[in-house]
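Please look at the structure below, and then work through some questions about how the words used to describe it follow from their definitions.

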Amino acid sequence: MRFTPEELEAARGRLVPDVVASGLHVLFCGINPGLMTAVTGHHFARPGNRFWPVLHAAGFTPRRFRPEEQEELPAHGLGITNVVARATARADELTAAEYREGGRLLAEKVARLRPRWLAVAGVTAYRVAFDDKHAVIGPQERTLGDTRIWALPNPSGLNAHWTLPTMAEEYGRLRAAAFAEGEPA
């Protein structure tokens, strides 16, 4: 799917609906929607983003889903939201205040939906949103009520520090923890 620069620019600031349900095993949380996601209305829609391949490689889904199949996630105990709702071309366009407000709103959303795990895909976003300068990839000490938090590597194709296999391994650790008490929904 190709879009003109004008179509992408028109998506700036657009909001993308969450894919959520109550009682999920894992609520994945991106940093904020990119412009491709805002244009299509599908999370992690940019072709170079590794979220969908990693989700499958880690065992969360029975096959590799396409972004337009995101509505199938709740049937597998999974959902998607973002720290900041506003779509931008790059995450560095967001302010620290937006991250902090996003963290506050995310805590309210988690209190309402009560997933077992909140998985923030981007440790730097987690650090700023929740004022935890020393957070590292993996499970966090902090909880939001009964919901545990896991900081994951950002699946963006720009994240050269993590390969698809190493990312799938980390996401797989989360899957093992999230479904330890039973099989996927």
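Q: Why is glutamate 101 called partly exposed?
A: Glutamate 101 has a relative accessible area of 35%, and the terms are set so that buried means under 20%, exposed means over 50% and partly exposed is what lies in between, with a 1.4 Å probe and protein chains only; glutamate 101 is therefore partly exposed. This is a predicted model, in which local features need pLDDT of at least 70 and side-chain atom pairs count only at pLDDT 80 or more, while totals for chains, interfaces and linings use all residues. Residues are numbered from 1 along each chain as its sequence is written, and side-chain values use heavy atoms, with hydrogens and water left out.

Q: What makes the contact of glutamate 101 and arginine 104 a salt bridge?
A: A salt bridge is a side-chain nitrogen of Lys or Arg within 4 Å of a carboxyl oxygen of Asp or Glu, and the N to O distance here is 2.6 Å, so the side chains of glutamate 101 and arginine 104 meet this condition. Both residues lie in helix α4, 3 residues apart, which is about one turn of the helix. Arginine 104, with a relative accessible area of 40%, is partly exposed.

Q: How do you know that the length of helix α4 agrees with its number of residues?
A: Helices are DSSP runs of H or I with at least four residues, and strands are runs of E with at least two, numbered from the N terminus. The expected span of a helix is 1.5 Å times one less than its number of residues, so the 18 residues of α4 (residues 96-113) should span 26 Å, and the end C-alpha atoms are 25 Å apart, which agrees.

Q: Which residues of α4 are buried, and how do you know on which side of the helix they lie?
A: The buried residues of α4 are Tyr99, Gly102, Gly103, Leu106, Lys109, Val110 and Leu113. They cover an arc of only 130° around the axis, judged by the directions from the helix axis to the C-beta atoms, and this puts them on the same side of α4. The face turned away from the buried side carries the exposed residues Ala111 and Arg112. The buried residues pack, with contact meaning heavy atoms within 4.5 Å, against several elements, including β1 (26-30), β2 (78-82) and β3 (117-121).

Q: Why is lysine 109 called buried, and what is its salt-bridge partner?
A: Lysine 109 has a relative accessible area of 16%, and this value makes it buried. Its side chain meets that of aspartate 18 in a salt bridge (2.6 Å, N to O). Lysine 109 lies in helix α4 and aspartate 18 in the loop between α1 and β1, so the pair ties together parts that are 91 residues apart in sequence. Aspartate 18, at 29% relative accessible area, is partly exposed.

Q: Why is serine 22 called exposed?
A: The relative accessible area of serine 22 is 59%, so serine 22 counts as exposed. Serine 22 is found in the loop between α1 (5-10) and β1, and, leaving aside its neighbours within four places in sequence, it is in contact with Arg112 and Leu113.

Q: How do you know that β1 is mostly covered, and what pairs with it?
A: In β1, 5 of its 5 residues are buried. Val26, Phe28 and Gly30 point one way from the strand, and Leu27 and Cys29 point the other way. Two strands pair if DSSP finds at least two bridges between them; 5 bridges join β1 to β2, which run parallel, and 4 bridges join β1 to β3, which also run parallel. Valine 26 has tryptophan 117 as its bridge partner in β3.

Q: What makes tryptophan 117 and tryptophan 150 an edge-to-face pair?
A: A search of the whole structure finds 8 aromatic pairs. Rings of Phe, Tyr and Trp (its six-membered ring) pair if their centres lie within 6.5 Å, and planes under 30 degrees apart count as stacked, over 60 as edge-to-face and the rest as tilted. The rings of tryptophan 117 and tryptophan 150 have their centres 5.4 Å apart and their planes at 65°, so the pair is edge-to-face. Tryptophan 117 lies in strand β3 and tryptophan 150 in strand β5, so the pair ties together parts that are 33 residues apart in sequence. Both tryptophan 117 and tryptophan 150 are buried.
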